Amino acid sequence: MKRLRDVAILTPLIACLAFYLAQAPIQAASKAATPTQTAQPASTQDSPGSKSYSTNCAICHGDNREGILPAFPPLLGIQHHLTDPQISEIIQKGKDRMPGFPDIKGDEMSSLLHYLASADPSAATAVPGAKSTSQSSGLADAGGALFLQNCAFCHGRDTMGGESGPDLTRSKVVLADVNGDQISQVVHEGRPEKKMPAFNFSAPEMQSLVAFIHARAALAASNPGGRRGVDVSDLQTGNAEAGKQYFTGAGGCSQCHSPTGDLAGVAKRFEGLELEQRMLYPRGARSKVTVTLPSGQQMNGTLAYLDEFVVALRDAKGTYHSWQIANVKYNVNSPVEAHVNQFSKYTDADIHNLMAYLQTLR
Amino acid sequence: MKLRKDASALAIMAILFLAAGPIHLAAQNLDPANLLKPPADSWPLYHGDYSGKRHSSLSQITPQNVANLSLAWAFQTNQGAQIKSSPLLVDGVLFFTVPDNIWAVDARSGHQIWHYNRPSKGEHIGHRGVAMYKGWLYFTTPDCHLISLNAKDGSVHWDKQFADPNQGYWSTMAPLVVGNHIIAGVSGDFDNLVGYLRSFDPETGETQWQWNSTPPAGTPNATTGGMTWMTGTYDPELNLIYWGTGNPTPVLNGQTRPGDDPYTCSIVAINPDTGKLAWGFQVSPHDTHDWDAVETPVLVDADFHGKPRKMLMQSSRNGFFFVLDRVTGQSLLTVPYGPVNWNLGIDKQGRPIPDPAKEPAPDGRFIAPDEGGMTNYRAPSFDPKTGLFIVDAHPSYSIYFAKPADGTYGWAGADYGLWGKGVIEAIDYQTGKIRWSHELGPGGSGAGVLTTDSGLTITGDAFGSVLALNTSDGKTLWHAGMGDPMQSSPITYQLDGRQYILTSSGGVLFAWALPQPTPASLHSQARGN
């Protein structure tokens with residue numbers, strides 16, 4: 001009885017809520033999905049699968065299966081990660097925001113699946129010089145829109161570097177990537193140490209992004225003039241002898257480093273900009289910490305975390321320990337701070353000379 | 001008995017339900033006069049008021065009781081974009097944004113009233129928030145539309161495109177409302193484009209005026225750029241808006257744009273009725289390091305060296321703290337607030353003189369601060385009681401490259417950050433001396449700053465904690481981990497006698513307040529428990 005009464009009380013509230021939802025703006029799907037005027041080649045345009053696609057799917061997934069990201073995923077290449085039975089189940093039952101289309105079955109379903117598995121007709125007009133991969137230019141276009149929204153601010157609209165982000169056409173990750181195996185990891189996990197955030201893209205989104213980045217890298221490789229970025233040859237203006245003097249003298253480098261010890265062969269391991277960046281500040285250098293507990297016991301290890309409130313270390317066995325700073329005493333030994341202390345003393349010539357010297361350590 | 005109680009509850013709810021409609025309809029209406037002196041139960045402008053001080057007169061939360069501060073509610077946007085906006089609060093409803101999205105949220109409970117989403121192409125780097133005029137909200141989009149919406153339900157009132165995203169423009173900023181002007185700016189420094197401010201009619205969206213930062217693209221030996229991507233401030237007595245402009249383009253190569261490149265990297269004073277420039281002050285003449293001067297132009301009326309002044313203060317991205325007379329635009333003080341190595345002294349007008357040897361070069365130039373700058377878009381705060389200008393500073397070093405092959409379009413070079421850290425600095429505005437500093441951690445924090453009359457400074461650290469510091473000495477009085485560093489500027493308001501502090505982390509908005517007795521705790525107190 002009580003329950004029934006609560007329902008009676010709730011009903012007008014639900015009605016009120018429904019009224020509000022009805023008043024709320026409809027997610028601008030219809031507007032965003034205004035069909036583009038790109039014509040399809042006659043061969044696929046006339047097939048029954050294509051017609052079914054145009055009638056049922058194109059409004060959200062785009063006239064050419066390119067998607068409307070971030071809201072609606074591209075369907076180009078969908079056969080690479082979903083089987084036909086999986087695709088037909090989604091079509092019939094819907095998924096997340098996508099409604100089901102139970103009336104699509106039999107021959108229509110077969111022809112639609114056939115159409116969805118067909119190659120991208122716009123692939124014929126792929127970026128000149130692009131590597132021939134399974135990724136198509138329609139997919140790359142979809143990835144381009146996604147890239148512009150999420151990545152271009154740091155990596156530049158052309159992927160060749162922007163505010164704080166490196167040129168991706170020269171990136172080791174991109175050059176080593178095969179169908180997204182490297183890129184997707186970096187994108188999904190981010191690079192916290194370099195302030196790159198993690199992005200939670202869906203598989204189709206990631207696929208389109210990878211296609212776009214590869215298309216841009218291929219274009220850049222085919223057009224070597226006019227590229228931004230730093231070549232090894234740019235960093236050869238220093239004097240190695242003066243650099244050696246700085247290393248042992250004013251720079252104080254030899255207090256921690258040795259050309260025959262830790263830096264022996266360093267120029268074989270790193271070159272160009274990467275060597276210069278590591279020379280000026282080696283990111284990820286470890287600090288040691290000793291924590292004294294209230295009992296007087298001391299714990300030693302690699303500093304794992306330190307803010308105003310908590311200190312943590314990883315001990316020799318790899319185990320993580322943390323303490324409230326109010327409860328312990330701690331002492332950090334951070335040799336990398338010497339690099340920070342040097343910043344206010346460098347001239348540009350010091351850096352170029354030091355770079356010339358390090359490049360002799362082969 | 002029970003039945004009667006339930007019946008009366010039903011009656012009360014029915015009355016509430018019937019009453020809710022009309023009351024609700026009357027609300028969410030911002031009288032433009034309130035913008036001149038915002039009530040304590042509101043935050044009706046991006047900066048809270050026209051001065052940009054981000055200082056609140058509220059004093060319920062104090063250095064003595066802040067240790068008890070706790071979570072009143074959190075609002076989860078359930079999407080990936082970080083909150084970089086300052087919410088508006090009008091009639092108990094908060095309005096805040098990420099690119100393409102606005103949420104209207106009950107400021108008492110943190111529950112959603114409505115959500116507006118409009119997918120768009122274009123840069124989705126961040127969004128600063130909405131502006132409000134009477135019952136209308138104003139929202140900029142990545143594809144450069146200015147959209148007016150009904151604050152009651154988020155329905156679109158009008159929609160005007162004010163720049164072409166295909167040319168490389170985008171927009172992130174919260175417009176400024178002055179009288180019957182909605183003033184919006186643009187972003188876009190990956191292309192050689194002219195920056196501008198445009199004023200719109202609040203009812204129709206018609207353009208009232210446009211002020212351009214630079215000459216038209218293609219003018220020989222002239223710069224482009226000067227994007228207007230942050231919200232300015234306003235002095236009603238002088239009837240001038242104050243706005244910061246962004247870097248010149250091409251960005252790292254200054255050869256095609258010899259000279260100072262006005263009005264890029266500048267603070268400009270503009271008449272909001274006509275769009276005419278009253279004065280301009282370049283904080284970075286001939287910039288080649290991407291140091292936008294869009295940080296808040298903070299308006300302070302106080303003594304400077306014994307004489308009452310109408311001042312403008314900016315902690316600029318280029319590493320210098322500026323105090324100007326905002327009537328004339330004359331410099332009163334120019335002093336670095338962290339390591340800078342790119343200038344040859346200060347000129348007679350109080351402007352840093354750029355060192356030609358520190359322009360980006362093929363073999364690299366070692367530059368402090370880095371491209372993100374000594375501070376960035378998150379707001380500083382001015383505390384009138386202590387005379388401290390409190391800013392989230394970012395001492396940092398980097399290397400800048402440019403060579404002929406990089407061309408003269410857009411970025412035209414490359415730069416790489418090496419190292420940086422975050423420090424809250426409390427600057428004495430009369431001397432530029434740093435009275436106290438508070439380390440925030442490696443990399444930097446990115447949080448803005450809020451001060452209150454009770455002597456609190458609210459900000460965040462590099463690890464994801466929100467911090468309450470003592471404004472007099474910078475010591476931490478309270479903190480709470482939010483999960484990810486704050487990328488917005490905190491706000492505060494008082495509703496029903498309870499003061500709230502709003503911060504953000506990732507896609508979550510947090511409301512902090514002193515604990516409030518619940519009916520159960522009151523009951524147990526009454527029973528002597």
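Predicted model: local features only at pLDDT ≥ 70, side-chain atom pairs only at ≥ 80, totals over all residues.
Reader: In which sense do β3(A) and β4(A) pair, and over how many bridges?

Author: They're antiparallel, with five bridges between β4(A) and β3(A), which covers residues 310-314.

Reader: And what is the order of strands in the open sheet of chain A?

Author: Read across, it goes β4-β3-β2-β1-β5, five strands with antiparallel pairing. At the edges sit β4, residues 320-324, and β5, residues 329-333, and each of these has pairing on one side only. From one strand to the next, the twist averages 40°.

Reader: Then let's look at strands in B. Where do I find a hairpin that includes β4(B)?

Author: Follow β4(B), residues 93-98, into β5(B), residues 101-106: they run antiparallel and six bridges join them. One of the pairs is Phe96(B) with Trp103(B) of β5(B). Two residues lie between the strands of this hairpin, and in the turn Asp100(B) has a positive phi of about 75°.

Reader: Which strand pairs with β5(B) over five bridges?

Author: That's β6(B), residues 112-117, again antiparallel to β5(B). Here Ile102(B) has Tyr116(B) as its bridge partner. These strands make a hairpin too, with five residues between them, and Gly110(B) takes a positive phi near 75°.

Reader: Now the inside. Which residues have the most contacts in the largest nonpolar core?

Author: In soluble globular proteins, nonpolar side chains tend to be buried together. The largest such core here has 129 residues, and Val130(B), Met132(B) and Met313(B) have the most contacts inside it. Take Met132(B): leaving aside residues up to four places away in sequence, its contacts include Leu30(B), Leu88(B), Val90(B) and Val177(B). Another core, of 35 residues, lies apart from the largest one; Ala142(A), Phe153(A), Leu209(A) and Ala215(A) are among them.

Reader: What share of each chain is buried?

Author: For chain A it's 30% of 362 residues. For chain B it's 58% of 529 residues.

Reader: How does the radius of gyration of chain B agree with a compact globule?

Author: The idea is to hold the value against what a compact globule of that length would give. With 529 residues that would be near 24 Å, and chain B has 23 Å, so the two agree. Along its principal axes, the C-alpha trace of chain B spans about 90 × 50 × 45 Å.

Reader: How much of the contact pattern joins residues 24 or more positions apart?

Author: Counting contacts with a separation of 6 or more, such pairs account for 62% in chain A. In chain B the share is 57%.

Reader: Last one: where in chain A is the pLDDT under 50?

Author: Look at residues 1-42, where it stays under 50 and the model has 37 contacts beyond four places in sequence. Residues 123-135 are below 50 as well, with 27 contacts beyond near neighbours in sequence.

Technical notes:
Residues numbered from 1 in each chain as written. Chains lettered and ligands numbered in written order. Pairing = 2+ DSSP bridges. Helix = DSSP H or I, 4+ residues; strand = E, 2+ residues; numbered from the N terminus. Axes fitted to C-alpha atoms, helices over the stretch in contact; angles between N-to-C directions. Buried ≥ 20, exposed ≤ 12 C-beta atoms within 10 Å, placed from the backbone. Contact = placed C-beta atoms within 7 Å. pLDDT = per-residue confidence, 0-100. Core = buried A, V, L, I, M, F, W, Y, C linked by C-beta atoms within 7 Å. Rg over C-alpha atoms; globule rule 2.2 N^0.38 Å.
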